[in-house]
Amino acid sequence: MSPAQDQHRPSNLNLPNSLTALRILLVPLFVWFLWAGGPWGEDALGMRWAAFAVFAAAMITDKLDGDIARARGLITSFGKIADPIADKLLTGAAFVVLSMLGELWWWVTVVILVREWGITVLRFVVIRYGVMAASRGGKLKTVLQTVALLLLLLPLVPLVGGWWPWLGWTAMAAALVVTVVTGVDYVVKALQLRRDALAGRGTP
């Protein structure tokens with residue numbers, strides 16, 4: 001890359017990346033509120049609502065940083081890597097704590113986290129060949145996981161009864177299917193990225 005091209009590259013110190021960093025900083029606060037709230041929010045309803053609010057606010061920053069980065073031409077390689085990591089830290093914390101509280105089956109959490117962090121590691125492995133941006137399927141996966149987690153985080157069981165979690169579990173089932181399918185798709189794309197890069201270098 002020439003000096004002129006390098007000068008036109010957006011700095012990593014920009015608003016979208018700052019929002020990504022903020023999302024990471026909110027994770028411990030979210031975990032504290034959620035755990036203090038107890039199962040279904042029965043122990044401390046206010047803390048559970050606080051956990052829901054922090055999670056919702058953090059996920060809003062996820063949309064904002066992407067929109068701002070695209071609108072202002074502030075897309076960076078750092079952002080492409082850090083953004084999904086921030087998402088996985090937040091949603092991963094939600095999955096684990098919900099399972100610890102007995103509100104979500106552990107096997108669902110394990111399958112989703114293995115896929116999520118496995119793909120994250122894969123991104124780092126193939127980064128020498130190129131950056132794998134989020135696909136449409138990956139974005140759908142994030143939306144489904146977010147909706148399912150928001151439904152499960154809402155402390156409405158003490159108010160409306162035990163039927164409420166079934167809404168979250170239904171959404172989680174859809175999220176689980178899309179998570180696994182897109183995970184396989186990312187593996188295929190990573191292999192293709194590596195193959196194309198090696199072919200371009202003349203490596204057999």
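What follows is a conversation about reading a predicted, all-atom picture of one protein chain.

Biologist: Before we start, what should I keep in mind about this model?

Modeller: It's predicted, with residues numbered from 1 along each chain as its sequence is written, and local features need pLDDT of at least 70, while side-chain atom pairs count only at pLDDT 80 or more and totals for chains, interfaces and linings use all residues. Side-chain values use heavy atoms, with hydrogens and water left out.

Biologist: How many helices and strands are there in the protein chain?

Modeller: Helices (H or I, at least four residues) and strands (E, at least two) are DSSP runs, numbered from the N terminus. Here you get eight helices and zero strands. The C-alpha trace spans about 60 × 35 × 20 Å along its principal axes.

Biologist: And what share of the residues counts as buried?

Modeller: Buried means under 20% relative accessible area, exposed over 50%, and partly exposed in between (1.4 Å probe, protein chains only). Of the 204 residues in this chain, 46% count as buried. As for contacts (heavy atoms within 4.5 Å), residues 24 or more positions apart account for 76% of those with a separation of 6 or more.

Biologist: Now helix packing. How do α2 and α3 pack?

Modeller: Two packed helices are described by the angle between their axes and the distance between the axes. Axes are lines fitted to C-alpha atoms, for helices over the stretch in contact, and angles run from 0 to 180 degrees between N-to-C directions. Helix α2 (residues 15–37) and helix α3 (residues 45–71) sit at about 165 degrees, axes 8 Å apart. So α2 is roughly antiparallel to α3; the labels are roughly parallel under 35 degrees, roughly antiparallel over 145, roughly perpendicular from 65 to 115, and oblique for the rest. Their contact has 19 nonpolar, three polar and four charged residues, where Ala, Val, Leu, Ile, Met, Phe, Trp, Tyr, Cys and Pro count as nonpolar, Asp, Glu, Lys and Arg as charged, and the others, Gly among them, as polar.

Biologist: What about α5 and α8?

Modeller: Helix α5 (residues 106–125) and helix α8 (residues 165–200) pack at about 25 degrees with axes 10 Å apart, so α5 is roughly parallel to α8. Residues of the contact include Trp-107 and Ile-119 of α5, plus Leu-176 and Tyr-186 of α8. By class, the contact residues divide into twelve nonpolar, three polar and three charged.

Biologist: Which backbone oxygen does the side chain of Thr-91 reach?

Modeller: That of Asp-87, at 2.8 Å. Thr-91 is in helix α4 (residues 77–100) and is buried, with a relative accessible area of 6%. Leaving aside neighbours within four places in sequence, Thr-91 is in contact with Phe-55, Gln-145 and Leu-149.

Biologist: Last one: what is the phi of Trp-40?

Modeller: Most residues other than glycine have a negative phi. Trp-40 has a positive one, about 60 degrees, although it is not a glycine. Trp-40 lies in the loop between α2 and α3 and is buried at 19% relative accessible area.

Conventions
A polar contact is a pair of N or O atoms within 3.5 Å; within protein, one must be able to donate a hydrogen and the other to accept it, and residues adjacent in sequence count only if both atoms are side-chain atoms.
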